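Welcome! Have the sequence and the 3D view ready, and let us walk through them together.

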Amino acid sequence: MEIWAEDGVVIDARHTPDDPSDDLTWRGRDAIRQRYVTLVFPGNPTIAGATDVQLTIEGDTAEALATTRIGAEVAPGGDRWTFAKRGGRWLITSLTYNLEPE
């Protein structure tokens with residue numbers, strides 16, 4: 001959890017990236033931890049990784065767009081990560097996933 005900013009956020013865009021009204025959102029480390037414990041880890045993915053990563057760094061902020069594979073599920077261009085350099089360390093400030101339309 002130390003790789004997450006204290007005010008980090010995870011957003012499930014629910015395959016409607018232009019309509020934030022249906023997003024599911026977890027704010028802060030406690031909520032993000034709870035998401036991983038209840039939604040991610042019980043699925044016990046044996047393979048997880050990012051490919052086709054496009055990274056943009058501007059000063060103390062960065063953004064990565066990626067195709068993500070978790071088990072048999074592949075999300076082409078479906079994840080956006082943001083980062084900030086704080087106190088000399090890069091931290092994850094947000095993850096938005098399910099950006100690809102269904």
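## A charge over two rings

A charge sits over a ring if NZ of Lys or CZ of Arg is within 6 Å of the ring centre and within 35 degrees of the ring normal. Look for Arg35: its charged end sits over the ring of Trp26, 5.4 Å from the centre of that ring. The charged end of Arg35 also sits over the ring of Tyr36, here 5.0 Å from the ring centre.

A word on the background: this is a predicted model, in which local features need pLDDT of at least 70 and side-chain atom pairs count only at pLDDT 80 or more, while totals for chains, interfaces and linings use all residues. Residues are numbered from 1 along each chain as its sequence is written, and side-chain values use heavy atoms, with hydrogens and water left out.

Rings of Phe, Tyr and Trp (its six-membered ring) pair if their centres lie within 6.5 Å; planes under 30 degrees apart count as stacked, over 60 as edge-to-face and the rest as tilted. How many aromatic pairs does this rule give? The count comes to one. The partners are Trp4 and Trp81, a tilted pair with 6.3 Å from centre to centre and 40° between the planes. Trp4 belongs to strand β1 (residues 4–12) and Trp81 to strand β5, so the pair ties together parts that are 77 residues apart in sequence. Strands (E, at least two residues) and helices (H or I, at least four) are DSSP runs, numbered from the N terminus.

Is Trp4 buried or exposed? Trp4 counts as buried because its relative accessibility is 3%; buried means under 20% relative accessible area, exposed over 50%, and partly exposed in between (1.4 Å probe, protein chains only). Trp4 is also one of the eight residues of the largest nonpolar core, and Trp26 and Tyr36 are among the others. Such a core is a set of buried Ala, Val, Leu, Ile, Met, Phe, Trp, Tyr and Cys residues joined through side-chain atoms within 4.5 Å. β1, α1 and β6 each supply at least two residues of this core, and the largest share, three residues, comes from β6.

Most residues other than glycine have a negative phi. Arg14, however, has a positive phi of about 55°. Arg14 is found in the loop between β1 and β2 (24–27) and is partly exposed, with a relative accessible area of 41%.

Asn98 has a positive phi too, of about 60°. Asn98 lies in the segment after β6 and is buried, at 12% relative accessible area.
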